[in-house]
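The sequence and the structure are shown below.

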There are 2 protein chains.
Amino acid sequence: MASAQAKQALFEAIAVMGKAFSSPRRLELLDLLAQAPRSVDELARASGQSTANASQHLQALHAAGLLTRTRNGTRVLYAFAGEDALGLWLSLRDASVAHLGEVERAAREYLGEEVETIGREDLLERLAKGDVVLVDVRPEEEFAAGHIEGARSIPLEELERRLSELPPGQEVVAYCRGPFCAYAHEAVRRLNEAGHAARRLEDGWPEWRLAGAPAPKHA
Amino acid sequence: MASAQAKQALFEAIAVMGKAFSSPRRLELLDLLAQAPRSVDELARASGQSTANASQHLQALHAAGLLTRTRNGTRVLYAFAGEDALGLWLSLRDASVAHLGEVERAAREYLGEEVETIGREDLLERLAKGDVVLVDVRPEEEFAAGHIEGARSIPLEELERRLSELPPGQEVVAYCRGPFCAYAHEAVRRLNEAGHAARRLEDGWPEWRLAGAPAPKHA
DNA sequence: CAAGCTATCAAGTGTTCTATTGAATAGCGA
DNA sequence: TCGCTATTCAATAGAACACTTGATAGCTTG
């Protein structure tokens, strides 16, 4: 068959995208980019790798069609290439949780003690009723790049200092980058210590956005 | 941070699944398994690789949680581990088409001249009206493992011999493994040569099944 | 229980991938 | 234009991977 070769070429082409997901370093970059577009060295710093290395990985992700690349003056911004690309990353991540015990184990190890959660639907209801405060505990730039409607930004670092901003009687819901981000876990633990009733949203901003970014109906 | 290490472990665990998609050989195996469960050496033969090699890849896919493994007497059957795993493969494939020109180019090269297509919705309507014949041109075992309701099985190899089974006046719709499977393309070309009006369904059985395997309403 | 088939294992080899280093380039502002 | 910063390129060493070959283990059948 002459076509055996052509078929092989086809699978090789598809595997280019597969390879993009095969390195932990690249996945970490994707995870950060799911929040907001960023420059090479922000990404390098946030993921704890050298700039040159991050640059190489980002180029690989770009070549695989997962990221767009735009020059902004002296820096280069990378961003997810579309909702389908973002969705693919989230699906891969979710599937790995569902099928690989090791992922769950590693997640527990990283996230520490589990805290109470609240689902998307429930949160929307409670927001509509107005009896919870929704707090985005990610760094401020990520909040600025997009957030759940009705949330207020209190980065985890500033949480203790700004506890007084939270009405004492009300329950607090914290959210962050996603189910594997430690910020919301930590925020809830600290809020509990400070005597607040608190839960974390079971996933984060990218999942919310991809679900169509539902907004609470105002009463 | 002590947790930097834990975070790294988490991404490494997720990357196990990513790595599964990083080899063209493995993707070819997945593509075959999307049709029906199979034994190691059927897969090896169908994908043109040695049994030992196929076995290794299948074990890797199994370790990544994408496949289940069941022993059946002297042979071992591998199958997709669930709808989410299958869906992930299809999403990856589709995303690669959407974002990588090279995939489209390779597909055209492999599939040959494009033929007229019909979408899922349109096909359902036509089936309900009863004015098309739907033909599954995959090998018979794959038809047996699952097919679109209302289709009849005529493997591509037998098409010429069995042309008389097709009512002369009616349009024929052929489908096969998916958008990148050459069978339906080839079938339509041959049917056209034989004087039949024919189109191919724009995707194949796995996509149909994953879409909930809609069935035509009988009049 | 021996023969035969299927699948896996183990070891070896050539290739590809990853991270590092240091140098080169591109844009910006003085 | 010069110097500064951000990014990329190029070369390299080490690790991981893919495919081959030959041996081994599990089941079935005679």
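## Helix 3 of chain A

In this predicted model, helix 3 of chain A has four buried residues: V40(A), L43(A), A44(A) and S47(A). Viewed down the axis of helix 3 of chain A, these residues lie within an arc of 100°, so they line one face of the helix. An α-helix has 3.6 residues a turn, so residues three or four places apart point the same way.

The buried residues of helix 3 of chain A pack against helix 2 (24–33), strand 1 (38–39), helix 4 and strand 3 of chain A. Directly after helix 3 of chain A comes G48(A), which takes a positive phi of about 65°.

## Helix 6 of chain A

Helix 6 of chain A covers residues 101–111, and its buried residues are V103(A), A106(A), A107(A), Y110(A) and L111(A). Down the axis of helix 6 of chain A, the buried residues fall within an arc of 120°, so they too line one face of their helix.

The cover over these buried residues of helix 6 of chain A includes helix 5 (83–99) and helix 9 (182–193) of chain A, together with helix 1 of chain B. Just after helix 6 of chain A, G112(A) adopts a positive phi of about 80°.

## Chain A as a whole

Chain A contains ten helices and eight strands. The C-alpha trace of chain A spans about 70 × 40 × 35 Å along its principal axes. Of the 219 residues in chain A, 43% are buried. Among contacts in chain A between residues at least 6 apart in sequence, 62% join residues at least 24 apart.

## E207(A), a buried charged residue

E207(A) belongs to helix 10 (residues 205–210) of chain A. Is E207(A) buried or exposed? E207(A) counts as buried because 20 C-beta neighbours lie inside 10 Å. When neighbours within four places in sequence are left aside, E207(A) is in contact with L90(A) and G178(A). Between E207(A) and A107(A) there are 100 residues in sequence and 18 Å in space, C-alpha to C-alpha.

## The nonpolar core

The largest nonpolar core holds 123 residues. Within this core, V173(A), A174(A), A184(A), A174(B) and A184(B) touch the most other members. For A184(B), the contacts beyond four places in sequence are V137(B), A174(B), Y175(B), C176(B), R200(B) and L201(B).

## The two chains and their interface

How many residues of chain B are in contact with chain A? There are 44 residues of chain B in contact with 44 residues of chain A. On the side of chain B that touches chain A, at least two residues each come from helix 1 (3–20), helix 2 (24–33), helix 5 (83–99) and helix 6 (101–111) of chain B. Helix 1 of chain B provides the largest share of this side, 16 residues. By class, the side of chain B that touches chain A comprises 26 nonpolar, ten polar and eight charged residues.

The same surface serves both copies, as 100% of the contact residues of chain B recur in chain A.

## The surfaces near the DNA

DNA strand D is surrounded by 20 residues, of which S39(A), D41(A), S55(A), R75(A) and G73(B) are the closest. Helix 3 (40–47), helix 4 (51–63) and strand 3 (75–80) of chain A, together with helix 4 (51–63) of chain B, each supply at least two residues of the surface near DNA strand D. Helix 4 of chain A makes the largest contribution there, five residues. The surface near DNA strand D has five nonpolar, eleven polar and four charged residues.

Around DNA strand C there are 21 residues, and G73(A), S39(B), D41(B), S55(B) and R75(B) come nearest. At least two residues each of the surface near DNA strand C come from helix 4 of chain A and from helix 3 (40–47), helix 4 and strand 3 (75–80) of chain B. Helix 4 of chain B gives the most to this surface, with five residues. The residues near DNA strand C divide into five nonpolar, twelve polar and four charged.

Terms used: Residues numbered from 1 in each chain as written. Chains lettered and ligands numbered in written order. Predicted model: local features only at pLDDT ≥ 70, side-chain atom pairs only at ≥ 80, totals over all residues. Near = placed C-beta within 6 Å. Nonpolar A, V, L, I, M, F, W, Y, C, P; charged D, E, K, R; others polar. Contact = placed C-beta atoms within 7 Å. Core = buried A, V, L, I, M, F, W, Y, C linked by C-beta atoms within 7 Å. Buried ≥ 20, exposed ≤ 12 C-beta atoms within 10 Å, placed from the backbone. Arc of directions from axis to C-beta.
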